Amino acid sequence: MTYQMIDAIRSVKKSDRAVFKSEARAWKANNSPMSAVSRSAGRTKIGAAGRQHAGARQSLSGFSRGLKSGPAGTSLRIPTGLRSIGPVAGGAAAWPSAQGNSSLVDRARSALVATGAQAEPAKPPMGAPRRDASLYEAAESLRQATIAPESAAIGWAASMLQRAAHAEADRRPRHAAVALSTWDAIQCTDRPFGSQARRKVLWDASRLLLSPFISTDDEMALLDRMDDADLERVPPFEDTYAGHVLEDLRGDSVR
Amino acid sequence: MRGTSSRTCVAIRFADTTALLELHAGTSASRSAARQALQPKDEVATSEHVQREWKRILVSAVGSLVEAVDNEPDLSAAFARLGNGYGRTSSQRWRAAAMVTGSAGSFNAVETKIRGRQLLRGLDSRLRRGVGDVRSSSSCGLAREQPHEGGDGRWRIKDTCKRGEGICAHESRLGRDVARWRSGADALARHEDPALRKMGKTGQEMAARPQVRTGVNCYGRTGDLAIALDCRANELLVTTDASFEVIAQGMGFTIHRISIRT
């Protein structure tokens with residue numbers, strides 16, 4: 001899923017649009033060292049391009065914000081800071097469900113065709129972390145599981161977490177480690193969502209997965225809290241792979 | 001509380017390295033026993049000599065496994081390395097490896113690597129998840145070391161030192177408590193097991209000659225004595241190791257031995 005598609009999906013959600021606007025305001029407030037000239041320039045560009053895409057905006061408001069091209073080849077920009085802010089980072093915004101994503105993707109794709117925009121993604125700005133759908137899916141599925149811990153939701157969350165860990169192992173090792181630790185906790189613990197304390201820790205894990213950066217302190221603090229909530233992450237020795245290998249070696253005789 | 005970290009801890013139990021390994025990666029039975037013996041965490045203390053051993057074991061086992069996953073198509077060499085060494089060294093490495101290999105069934109290289117790196121960058125955190133206080137009476141420089149990954153992908157940690165290197169205060173620490181140290185060393189020197197007897201004789205020599213109290217004599221030959229010295233007379237030392245039964249007779253503390261089956 002390209003960044004533009006993700007932006008488009010987010011932009012068609014009214015609730016997300018409201019979050020987007022509030023994040024934009026927060027970003028502008030937090031970036032006061034930037035000159036007022038550059039800020040107003042950015043606003044002008046978005047405004048001008050927005051007028052060019054007025055038709056498209058009517059059907060899919062805000063969708064064209066993330067696209068690089070238009071009829072006049074105008075470059076549209078989203079502030080760097082906004083790209084790095086996940087829609088659920090504040091913990092308040094709802095994120096489309098897995099089923100909802102597919103229809104939104106279709107709508108976004110058809111809107112791409114309607115506006116004549118190029119399907120190829122623009123590169124994210126320098127220094128901005130890449131958005132990856134696997135992390136969002138993992139975080140969202142985990143969040144859903146903490147709200148309604150049914151077996152299907154838990155299984156889906158576990159599956160998404162493991163997938164995210166594999167997908168991000170090289171690009172974002174800390175995110176991958178958090179995803180895998182959470183997966184381990186779900187796998188190795190009896191009733192991982194069985195108490196309020198455990199659900200709270202797992203909820204916080206889902207939020208941490210959406211952070212642009214995970215420090216060692218944050219990662220270790222989460223693991224500490226998992227331990228405090230009795231969320232096991234290591235199976236008993238005899239059930240581990242190493243334990244099985246050792247068991248296999250036990251019968252060997254020394255010659 | 002002399003020579004301890006600033007954290008407030010009313011310790012009545014003292015954890016040895018082997019007990020902590022059982023706590024984190026033991027079998028169902030031994031982990032349950034270790035958990036029962038080492039709860040609540042705030043009433044458990046350990047020694048910086050345990051911290052030093054903890055780091056050495058985990059970096060040696062997990063580091064070599066992560067390196068093998070990165071570089072070697074066949075993991076049998078890595079697992080064979082886990083079995084090297086004498087006595088309990090091998091079983092300790094297997095315990096450490098079990099913390100990152102995940103559930104039985106199939107070995108997953110990516111997951112092992114992720115878990116291994118996470119464990120290596122959080123060695124101290126992992127240790128402190130089992131204990132409330134780490135006593136640093138000897139100010140051991142090796143216990144403060146952190147592992148790092150070299151350009152060749154190999155994880156390293158400084159786990160040896162030389163006499164006169166000046167990275168600890170073990171010589172003066174032992175001097176403050178030399179009578180207790182000597183009684184533990186004497187008990188070991190009288191034992192029928194040659195390995196324990198050798199540890200006891202080295203301990204006796206260290207008690208007599210301050211200049212030989214550091215270096216390999218400390219980290220390599222009398223580690224158990226140094227750990228036992230940090231355990232107070234009214235505390236319960238939790239371990240799986242038989243040598244502490246002998247040391248306890250001389251030093252006058254009680255021990256709780258967790259039974260293991262490897």
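# Reading the labels on a two-chain model

User: Why is B:Arg156 called partly exposed?

Analyst: B:Arg156 has a relative accessibility of 35%. Buried means under 20% relative accessible area, exposed over 50% and partly exposed in between (1.4 Å probe, protein chains only), so B:Arg156 counts as partly exposed. This is a predicted model, in which local features need pLDDT of at least 70 and side-chain atom pairs count only at pLDDT 80 or more, while totals for chains, interfaces and linings use all residues. Residues are numbered from 1 along each chain as its sequence is written, chains are lettered from A and ligands numbered from 1 in the order in which they are written, and side-chain values use heavy atoms, with hydrogens and water left out.

User: What makes B:Arg156 and B:Asp152 a salt bridge?

Analyst: The N to O distance between their side chains is 2.8 Å. A salt bridge needs a side-chain nitrogen of Lys or Arg within 4 Å of a carboxyl oxygen of Asp or Glu, so the pair B:Arg156 and B:Asp152 qualifies. B:Asp152 has 44% relative accessibility and therefore counts as partly exposed. Over all chains, the structure holds 30 salt bridges.

User: How do you know that A:Glu140 and A:Arg143 are about one turn of a helix apart, and are they buried or exposed?

Analyst: Both lie in helix α7 (residues 133-147) of chain A, three residues apart. Helices here are DSSP runs (H or I, at least four residues), strands likewise (E, at least two), numbered from the N terminus. The side chains of A:Glu140 and A:Arg143 meet in a salt bridge at 3.1 Å, N to O. A:Glu140 and A:Arg143 are both buried.

User: Why does the pair of B:Arg129 and A:Asp227 count as joining two chains?

Analyst: Their side chains meet in a salt bridge of 3.7 Å, N to O. B:Arg129 sits in the loop between α7 and β3 (133-135) of chain B and A:Asp227 in helix α11 of chain A, so the pair joins two chains. B:Arg129, at 11% relative accessibility, counts as buried, while A:Asp227, at 25%, counts as partly exposed. Both belong to a network of salt bridges that links A:Asp224, A:Asp227, A:Arg233 and B:Arg129.

User: How many salt bridges and polar pairs are there between chain B and chain A?

Analyst: There are six salt bridges between chain B and chain A. One pair of side chains that meets in a salt bridge is A:Asp184 with B:Arg115, at 2.7 Å, N to O.

User: Which helix of chain B gives the most to the side that touches chain A?

Analyst: Helices α1 (17-25), α2 (28-37), α5 (88-101), α6 (109-121) and α7 (123-128) of chain B each supply at least two residues to that side. α6(B) gives the most, with seven residues.

User: How much area is buried between chain B and chain A?

Analyst: About 2800 Å², 56% of it on carbon and sulfur atoms. Buried area is the accessible area (1.4 Å probe) that two parts lose on being put together, summed over both. On the side of chain B, B:Trp94, B:Arg121 and B:Arg129 lose the most area to chain A, together 23% of what that side buries.

User: What makes A:Tyr241 and B:Phe107 a tilted pair?

Analyst: The structure holds one aromatic pair over all chains. In this pair, A:Tyr241 and B:Phe107 are 5.1 Å apart, centre to centre, with 50° between the planes. Rings of Phe, Tyr and Trp (its six-membered ring) pair if their centres lie within 6.5 Å; planes under 30 degrees apart count as stacked, over 60 as edge-to-face and the rest as tilted. A:Tyr241 lies in helix α12 (residues 241-250) of chain A and B:Phe107 in the loop between α5 and α6 of chain B, so this pair also joins two chains. A:Tyr241, at 22% relative accessibility, counts as partly exposed, whereas B:Phe107, at 19%, is buried.

User: Why is B:Thr239 called buried, and what does it touch?

Analyst: B:Thr239 has 0% relative accessibility and so counts as buried. B:Thr239 is placed in strand β6 (residues 236-239) of chain B. Contact means heavy atoms within 4.5 Å; not counting residues up to four places away in sequence, B:Thr239 touches several residues, among them B:Asp16, B:Phe244 and B:Ile258. A polar atom of the B:Thr239 side chain lies 2.9 Å from the backbone nitrogen of B:Asp241.

Key
A polar contact is a pair of N or O atoms within 3.5 Å; within protein, one must be able to donate a hydrogen and the other to accept it, and residues adjacent in sequence count only if both atoms are side-chain atoms.
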